[in-house]
Amino acid sequence: MFYVEDYSDERLKSWCIHCGAAIANVNANRDHVPTKSFLSKRLREAGAAYDRGRGLPDGYLPQVLVCKACNAGFSRDETYVLCVLHAVLAGSLYPDPDTHPEAANVLRSNRDIVRSLKARPDGQMFLFDGLQPFTLYPDPDRVSKVVVKNARGHAYHEIGEPLLEEPSSISFQPLQSMSDDERATFENGGGGGLDLWPEVGSRMMVRILEGVGMAGGWVEVERGHYRYAVDWSAGISVRTVIWDYLATETRWDP
Ligand SMILES: [Zn+2]
């Protein structure tokens with residue numbers, strides 16, 4: 001992505017968007033939104049080069065300043081969600097390294113997560129690994145934490161809005177499981193209409209004025225990997241699609 005300067009109100013930049021700590025009083029660092037491991041290795045490397053001042057102009061990856069404790073606190077759950085995505089899309093907790101090299105590598109490196117994913121909601125373990133269709137019961141709390149982290153980050157990055165309260169609702173489901181109507185609503189809910197402009201100087205305002213980085217209300221971080229849309233027309237809702245597979249929506253009602 002190309003970097004878009006953020007001119008929104010500096011007074012809003014005073015707190016960690018996750019715990020509300022005053023940034024001036026704590027150690028803080030930059031957190032990537034979306035979760036960096038959801039992007040391809042090529043894009044992650046381009047982003048790291050950009051951050052060191054040696055990258056291409058479009059190498060910027062969205063990031064927000066948060067307290068170090070919160071930043072570090074997300075990483076286990078982010079790895080958990082990464083494992084879930086790999087397992088679901090490879091159709092196995094033990095994917096074949098020849099056909100799914102990245103999935104095999106990630107799941108091999110996180111044995112404890114693989115073990116936890118073998119438990120069903122009733123606590124019973126799956127007795128057979130090869131059952132079809134392949135079904136997982138990921139921990140919704142851990143998935144929610146990652147969804148909300150990214151949603152807060154997207155809203156903050158795009159419209160300069162710190163959302164310190166708990167969200168009114170969090171949902172996620174495979175895109176393919178939506179009905180046609182649900183899918184249409186999900187895809188078209190972006191933006192706020194031209195009579196509802198985001199804060200002057202915010203990145204979203206700049207995107208709207210310049211027509212940069214917008215595709216039907218969606219900001220595409222990497223095709224096939226991650227896109228997000230922020231809607232501020234009634235409260236704030238943040239929708240994301242991860243790997244063209246998992247659709248998420250986090251809402252803060254007015
Ligand atoms: Zn914090």
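Predicted model: local features only at pLDDT ≥ 70, side-chain atom pairs only at ≥ 80, totals over all residues.
Figure 1. Apart from its neighbours within four places in sequence, lysine 68 is in contact with Asn27, Ala28 and Asn29. Lysine 68 belongs to helix α2, which covers residues 68-73. The C-alpha atoms of lysine 68 and arginine 30 are 8.4 Å apart in space, although 38 residues separate the two in sequence. Lysine 68 has 13 C-beta neighbours inside 10 Å and therefore counts as partly exposed.

**Figure 2. The cis peptide bond between valine 33 and proline 34****.** Most peptide bonds are trans. The bond from valine 33 to proline 34, however, is cis, and its omega is near 5°. Proline 34 is located in the loop that lies between β1 (28-32) and α1 (41-51).

**Figure 3. Packing of helix α3 with helix α4****.** Two packed helices are described by the angle between their axes and by the distance between those axes. For α3 (residues 75-90) and α4 (residues 101-108), the angle is about 135° and the axes are 9 Å apart. The two helices are therefore oblique to each other, and their crossing is left-handed. On the α3 side, the residues that meet α4 are Leu82, Cys83, His86, Ala87 and Ala90; on the α4 side, Ala103, Val106 and Leu107 take part. Sorted by class, this contact has seven nonpolar residues, one polar residue and no charged residues.

**Figure 4. The largest nonpolar core and isoleucine 236****.** This core has 45 residues. Those with the most contacts inside the core are Cys83, Val84, Leu85, Ala87, Ala155, Val230 and Ile236. Helix α3 gives the most to the core, with eight residues. Which residues does isoleucine 236 touch, not counting residues up to four places away in sequence? They are Ala155, Glu161, Leu163, Val230 and Trp252.

**Figure 5. Tryptophan 243 and aspartate 244 in the loop between β6 and β7****.** Most residues other than glycine have a negative phi. Tryptophan 243, by contrast, has a positive phi, near 55°. Aspartate 244 is likewise not a glycine, and its phi is positive, at about 55°. Tryptophan 243 lies in the loop between β6 (236-242) and β7 (246-252), and aspartate 244 has its place in the loop between β6 and β7. Because tryptophan 243 has 15 C-beta neighbours inside 10 Å, tryptophan 243 counts as partly exposed. Aspartate 244, with 15 C-beta neighbours inside 10 Å, therefore counts as partly exposed.

Note on methods. Residues numbered from 1 in each chain as written. Axes fitted to C-alpha atoms, helices over the stretch in contact; angles between N-to-C directions. Helix = DSSP H or I, 4+ residues; strand = E, 2+ residues; numbered from the N terminus. Parallel < 35°, antiparallel > 145°, perpendicular 65-115°, else oblique. Left-handed = near helix turned anticlockwise from the far one by under 90°. Contact = placed C-beta atoms within 7 Å. Nonpolar A, V, L, I, M, F, W, Y, C, P; charged D, E, K, R; others polar. Buried ≥ 20, exposed ≤ 12 C-beta atoms within 10 Å, placed from the backbone. Core = buried A, V, L, I, M, F, W, Y, C linked by C-beta atoms within 7 Å.
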